[in-house]
Amino acid sequence: MPAKTGKQYIERVDKAEAEIWIDGEQVKGKISEHPAFKGVMKSQAELYDMQFDSDKKDYMTYVSPSSGERVGTSFMQPSTKEELVMRRRMMQEWARYNGGMMGRSPDYINAGLMAYGAASEMFGSQDPMYAKNMQNYYEYARENDLSLTHTLIQPQVNRGVNASQLPDQFIAARMKEKTPDGVVIKGARLLATQGGITDEIMVFPSTLLKQTDEENPYAYAFCIPNNTPGLKFICRESFDYGKTSFDHPLGSRFEEMDTIVVFDDVTVPWDRVFSLGDVSVCNQAYNESSAVVHMTHQVVAKNIAKTEFVLGILQLMAETINIGQYQHIQEKISEVIIALETMKAYVTASEANAQPDRWGTMTPDFAPLNAARNYFPKIYPRFTEIMQLMGASGLMALPSQADFQSAIRPDLDKFLQSATGDAESRVKLYRLAWDVCMSSFGSRQILYERFFFGDPVRMASALYTGYDKQEHVDRVKAFLDRSEELIKNNG
């Protein structure tokens, strides 16, 4: 099946009946009808339907090199800069539709899977079977328009020791045994966003494992269906409280559930294994395949859309209560404008300086994207602070949609009107701002952006150690040498 519709997305996830637990109960029946998931699944279905929009299908989809049918552009292995830009355009179309508030829309994992598929040879260094598995899976995902969640990190039990030194060897998910049918995995992983509402799950390591025999059982890479026997998704509290899109305009539509993933003697079929028991292969996969570059490209494109959305809200707030003429307001909004243009420049530079990687995939220049992924976690919390400072008490005086449908409405119409419109329009806007900067949904967004790519201190350290600074050091040394010569000559 080529690119799928939203209806097909929902039907497939409902039919899978993955084991999902929330609020102490296992989800029964259609997950698309469960209060915690129906909003985000409807929104994700709308993303898939955009692939069939007659005005957009030429860049939302492309012709499969194997089947000749149109498939999702996020699976494209770009060979030219034009194709790279086309893929980013598709990603931003999705991101702008949700205001950048869906950090794990399917194109994120698709970008990484594309890179792994192109670099499938790399997985064959351990066993040729793994290279073939990776290539076959990429093509299967592309031709069936799979949606994937993923899980990368181990439970935070004792960060001072390795997983193998924890009280129970099966706290962090690890290999238990090998059988003729596949490898058995037991233990837990964090943190699968959209866990249970996708077709499958990608399980790769994200952090470097130590080169020891003790770590090898924790070194693996595979993808399996979400309804694989023994696989469980344990959800946090939902931030979709069943409110209307007026009251919770973001939480009611884009609440991507985060889950703990439990592998209770899960058998991963051999044809779904891409790496096993080899720390060195797992440690190099993210970088050597260029997956980190392509996934960061998607994230920065999404963050541009998110910054545009925030800017639009702030400007509309300023216009609504007539505060745009004040310099401190202009200064605050200018911070967001500067951030937006900076993020756009990062993407433009990455695409302008793109080069084919060793696998033949046109790959953006990572340096500006790496700067962007270190920059955004610092500025997004500031965006929400600016929104709070501008909104002030207006973010507290927020009646609900039910109030506007009650006998108290005349009072609301009188006392909550704005400089440019009626009370209902003003409250609707401010409830949107509240859902960005104050609600449970908004607070989760702030935390998510802070740690999107991991610990910001470790990320900064990696940027520092990986960045080529020698050219600049040499230039300063040459300047000092010339200065020394001038001192001698003048002396």
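## Rings, charges and a sheet

Biologist: What sits over the ring of Y218?
Modeller: The charged end of R174, 5.5 Å from the ring centre. Keep in mind that this is a predicted model.

Biologist: And which charged end sits over the ring of W434?
Modeller: That of R431. The distance to the ring centre is 5.3 Å.

Biologist: How many aromatic pairs does the count come to?
Modeller: The count comes to 18 aromatic pairs. Take Y108 and F452: their ring centres are 5.8 Å apart. The planes stand at 90 degrees, so this pair is edge-to-face.

Biologist: Where do Y108 and F452 lie in the chain?
Modeller: Y108 is in helix 5, residues 107–118. F452 is in the loop between helix 16 (440–450) and helix 17 (456–466). The pair links distant parts of the chain, 344 residues apart.

Biologist: Is Y108 buried or exposed?
Modeller: Y108 is buried, at 2% relative accessible area. F452 is buried too, at 9%. The cut-off for buried is under 20%.

Biologist: Why is the pair of Y116 and F204 called stacked?
Modeller: Because the planes are at 20 degrees, and under 30 degrees counts as stacked. The ring centres are 4.5 Å apart.

Biologist: Which parts does that pair of Y116 and F204 tie together?
Modeller: Y116 lies in helix 5. F204 lies in the loop between strand 8 (200–203) and strand 9 (220–225). The two are 88 residues apart in sequence. Y116 is buried at 4%, and F204 is buried at 2%.

Biologist: Which residues do ring pairs link with Y116 and F204 into a cluster?
Modeller: F123, Y137, Y140 and F274.

Biologist: In what sense do strand 8 and strand 9 pair?
Modeller: Antiparallel, over 4 bridges. V203 stands opposite F222 in strand 9.

Biologist: Over to salt bridges. How many does the count come to?
Modeller: The count comes to 25 salt bridges. One of them joins the side chains of R236 and E255, at 2.7 Å, N to O. R236 is in the loop between strand 10 (231–235) and helix 8 (251–254). E255 is in the loop between helix 8 and strand 11 (258–269), 19 residues apart from R236.

Biologist: Are R236 and E255 buried or exposed?
Modeller: R236 is buried, and so is E255. They also belong to a network of salt bridges with D258 and R444.

Biologist: What does R382 form a salt bridge with?
Modeller: E385, with the closest N and O atoms 2.7 Å apart. R382 and E385 both lie in helix 12 (residues 366–391), 3 residues apart, about one turn of the helix. R382 is partly exposed at 26%, and E385 is partly exposed at 37%.

Biologist: And how far apart are E11 and K7 in helix 1?
Modeller: They are 4 residues apart, so about one helical turn separates them. Their side chains meet in a salt bridge at 2.4 Å, N to O. E11 is partly exposed at 41%, whereas K7 counts as exposed at 57%.

How values were computed. Residues are numbered from 1 along each chain as its sequence is written. This is a predicted model: local features need pLDDT of at least 70, side-chain atom pairs count only at pLDDT 80 or more; totals for chains, interfaces and linings use all residues. Side-chain values use heavy atoms; hydrogens and water are left out. Rings of Phe, Tyr and Trp (its six-membered ring) pair if their centres lie within 6.5 Å; planes under 30 degrees apart count as stacked, over 60 as edge-to-face and the rest as tilted. Buried means under 20% relative accessible area, exposed over 50%, partly exposed in between (1.4 Å probe, protein chains only). A charge sits over a ring if NZ of Lys or CZ of Arg is within 6 Å of the ring centre and within 35 degrees of the ring normal. Two strands pair if DSSP finds at least two bridges between them. A salt bridge is a side-chain nitrogen of Lys or Arg within 4 Å of a carboxyl oxygen of Asp or Glu.
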